[in-house]
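Here are some notes to read alongside the coordinates.

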Amino acid sequence: MSSQVPIATGRSSTGIPTGKLAVWWVIASEIVIFGGLIACYLLYRFRFDHWSGFAGKTDTLAGAFNTLVLLTSSLFVVLAHQAAQRKDTKDAFKYLWLTIGGGFIFLIVKAYEYTSKILHGYTFTTDNFWSFYYTATGLHGFHVVAGMVIMAIISFDVRKGNNLHRVENIGIYWHFVDLVWIFLFPLLYIAK
Amino acid sequence: MANLSSSEALSHSDSGHDTHHEKMSFWSKYVFSTDHKVIGMQYLFTGMFMALIGGFMVYAFRMQLAFPGEAVPGFGNVSAGAYNALVTNHGTIMIFWVAMPVLIAALGNFLIPLMIGCDDMVFPKINRLSYQIFLLSALVLIASFFVPGGPFGGAWTAYPPLSAQAKFNLTPLGAPMWVIAVALEFVAFLLGGINFITTTMNARAKGMKMYDIPIIVWMIVIASILFMASVGPLMAGAIMLLFDQTLSTNFFNPEYGGDPVLWQHLFWFFGHPEVYVVLLPAMGIVAEVITVFARKKLFAYKTVLYTTFATGVISFFVWAHHQFISGIDPRMANVFTITTLLISVPIAEMLFVYIATLYGGSIQFKTPMLFALAFLAEFLIGGVTGIHLGASGTDIYFHDTYFVLAHFHYTFVPIAIIAVFAAIYYWFPKMFGRMMNEFWGKVHFWGTVIPFNFIFIPLFMLGMAGQHRRIYNYNHFPDLATPELQNLRIIATVALVIMLLFQIPFLVNFFVSMFKGKKAEANPWKANTLEWTAPSPPPHGNFKVFPEVYRPPYEYSVPGRKEDYWPQDSKD
């Protein structure tokens, strides 16, 4: 199995490192996926007045807390990037895991929300509003989990002093996941 | 930049690409390879295999239309359900598992690193993963042919509620498997596309500036960006449709406040740019082939590039011309008629540029050139008939008739069949290090292009007579079962069988030439682009010395030079 890195990977005609460039293109493709879902939600939302009643049933406080958690985790990933830039692998490792911790808290709160909604009888198929609620937050949650897994893998690499530039790449991705939540939170929780 | 190139030279001489990879086992060399050329070939052969399946399907349902109710040799009786499944999967396969993998993935993988002068894609492992996901998607689709209830039969556009509810489509397993297969295929092409874009942006040879990039590389990259920007909403839509099918949500179910037309918007917001996603690489192939075989500089490189950008942008604003009778607002129909007519301008401009390139050239009628010229002529018919469908007035009459079907086959067959054959005949020496047989190539050319017109001109006539598309036995409709109309169907079917039979000389020529053909030199066509400076076939790592680029790619017949070509990497 060839494990050599091709010469192509090291080239940089644009001056932007290839890994970072790829992360931006991944985000570009993700924006249209979430954008499509959110656009569908909005089209329905403008049509059905009764959805505001359902939106009133979502737990705004839990959502606000989760927003705070995600924003704080984004701060940690920036600190991890700073640490990686000054080659402080110990600090970078620490801040990456603080970010992952933020992801954990987010998911725990999310799980609590899902449980209480289902116990109140608002399941996946109760109404299209709830189908959108679970699909959008579920897809977002899936991205949170994916980010956490990738970050964990990178953190152990970073602790050994390898691939420090990847801290920035995963940071860009994490900010994106954060940003999607910034759209979902007002659309699903605040707007009544 | 200086230390970068010295480190390149160092790592290249250190690693000894060529010798290192001789020892690899069959599995690691051909199945799990990360080499862009091997992955390109994997896509090519998978696409050719899927084309055989798609071709067999069209044989079965065209025979049913020509001779309704009679057993089709090699298939048996075609029931109404089987007919629907055949047309659905024919369309799906030909677009997602033939046109996309061959035009974008196979050519992109094989050509981009060679044409921009580097050794591989920037992310070889992601490249391999992309093919593996693609292969999985093909296997899921093929598996859906054998599940209880049969394969999905709700047309390749999969409009709900027919596609969303098993009580309508009667394929409780086939329909979700179809959606999963298509979604996996999208993921594969997103991964591949990111590789194409980043490789072209970052891994170009020293000296290769924006306007030195060969047109086909531009086209594949722009097509990848178009695909990426348009497929997202449909990805979201596919998730919603899958949930409707399997978890009984009601996203598209009108009984519970869902909107089936929303799916049409999501589908065509992707579906129309998708036409340009496959068209652009075909246009790129033609640009490469006609400049080489007319020995002439591309008439207007920048014009081609700018019209491509224009096409890409406008292609996002034309989708609703597929929905003029879906109950959309007539004022919307006006807007989309105008945008649709607008998009024909840059495409026509591109065709004029190619014709101007031919003018005054010393044209050599080699097989790739014949296919490239046939592309221009046949695609022109496809484009011109598209005007009738883009204008809402005529489209309301033509909607869902065979006129539509003949129109888009006059675009897709030149794209996915004729241009692809031009590419295969042209790059075969580089791919396999041997030449294909010219005589059998020409037999294949005439045997493909003439029957092609005899298939679809009758279908245009049937469509103008008002024949609806989705009927499996016209004997059930006495006014459509007249002898005149039935004769047209028989002509189309006979022509189709002839066209399919003429693919046998191609397959024989392809596989015999691969092993027994005349050995090809590095640059058999005397072309300028960088792939021809590498040995045929290129070894792992492609180039012995990485080329530097000194000039644009189409400097043919430059006055005052002894040779009529001027390779991009030659210093003087």
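1. The helix pair I'd start with is in chain A. Bear in mind throughout that this is a predicted model. Helix H4 (residues 60-85) of chain A and helix H5 (residues 89-119) of chain A have axes that come within 8 Å and cross at roughly 165 degrees. Angles over 145 degrees count as roughly antiparallel, and H4(A) and H5(A) are therefore roughly antiparallel to each other. Their crossing is left-handed. Sorted by class, the contact of H4(A) with H5(A) has 18 nonpolar, six polar and three charged residues.

2. Now chain A as a whole. Its secondary structure comes to seven helices and zero strands, giving the pattern α-α-α-α-α-α-α along the sequence. The C-alpha trace of chain A spans about 55 × 30 × 30 Å along its principal axes. Of the 192 residues in chain A, 39% are buried. Taking the contacts in chain A with a separation of 6 or more, 78% are between residues 24 or more positions apart.

3. On to where the two chains meet. Chain B puts 45 residues into the contact and chain A puts in 32 residues. On the side of chain B that touches chain A, the elements giving two or more residues are helix H1 (2-15), helix H8 (174-202), helix H9 (215-246) and helix H10 (260-294) of chain B. Which of them gives the most? That would be H9(B), with ten residues. By class, this side of chain B has 25 nonpolar, 16 polar and four charged residues.

4. Helix H2 (residues 18-47) of chain A and H9(B) pack at about 45 degrees, and their axes are 7 Å apart. Parallel or oblique, then? Roughly parallel would need an angle under 35 degrees, so H2(A) and H9(B) are oblique to each other. H2(A) passes H9(B) in a right-handed crossing.

5. Here is who meets whom in that pair. From H2(A) come Ala28(A), Ser29(A), Val32(A), Ile33(A), Gly35(A), Gly36(A), Leu37(A), Ala39(A) and Cys40(A). Facing them from H9(B) are Met228(B), Ala229(B), Gly232(B), Pro233(B), Met235(B), Ala236(B) and Gly237(B). The residues of this contact divide into eleven nonpolar, five polar and no charged.

6. Take Val286(B) as a way in: leaving aside neighbours within four places in sequence, Val286(B) is in contact with Tyr354(B), Ala372(B), Phe375(B), Leu376(B), Ala419(B) and Ala422(B).

7. How many other C-beta atoms lie within 10 Å of Val140(B)? There are 18. A residue needs 20 or more to be buried, so Val140(B) comes out as partly exposed. Not counting residues up to four places away in sequence, Val140(B) touches Met177(B), Ile180(B), Ala181(B) and Leu184(B). Leu184(B) is 44 residues from Val140(B) along the chain, with 9.2 Å between their C-alpha atoms.

Methods:
Residues numbered from 1 in each chain as written. Chains lettered and ligands numbered in written order. Predicted model: local features only at pLDDT ≥ 70, side-chain atom pairs only at ≥ 80, totals over all residues. Axes fitted to C-alpha atoms, helices over the stretch in contact; angles between N-to-C directions. Helix = DSSP H or I, 4+ residues; strand = E, 2+ residues; numbered from the N terminus. Parallel < 35°, antiparallel > 145°, perpendicular 65-115°, else oblique. Left-handed = near helix turned anticlockwise from the far one by under 90°. Nonpolar A, V, L, I, M, F, W, Y, C, P; charged D, E, K, R; others polar. Contact = placed C-beta atoms within 7 Å. Buried ≥ 20, exposed ≤ 12 C-beta atoms within 10 Å, placed from the backbone.
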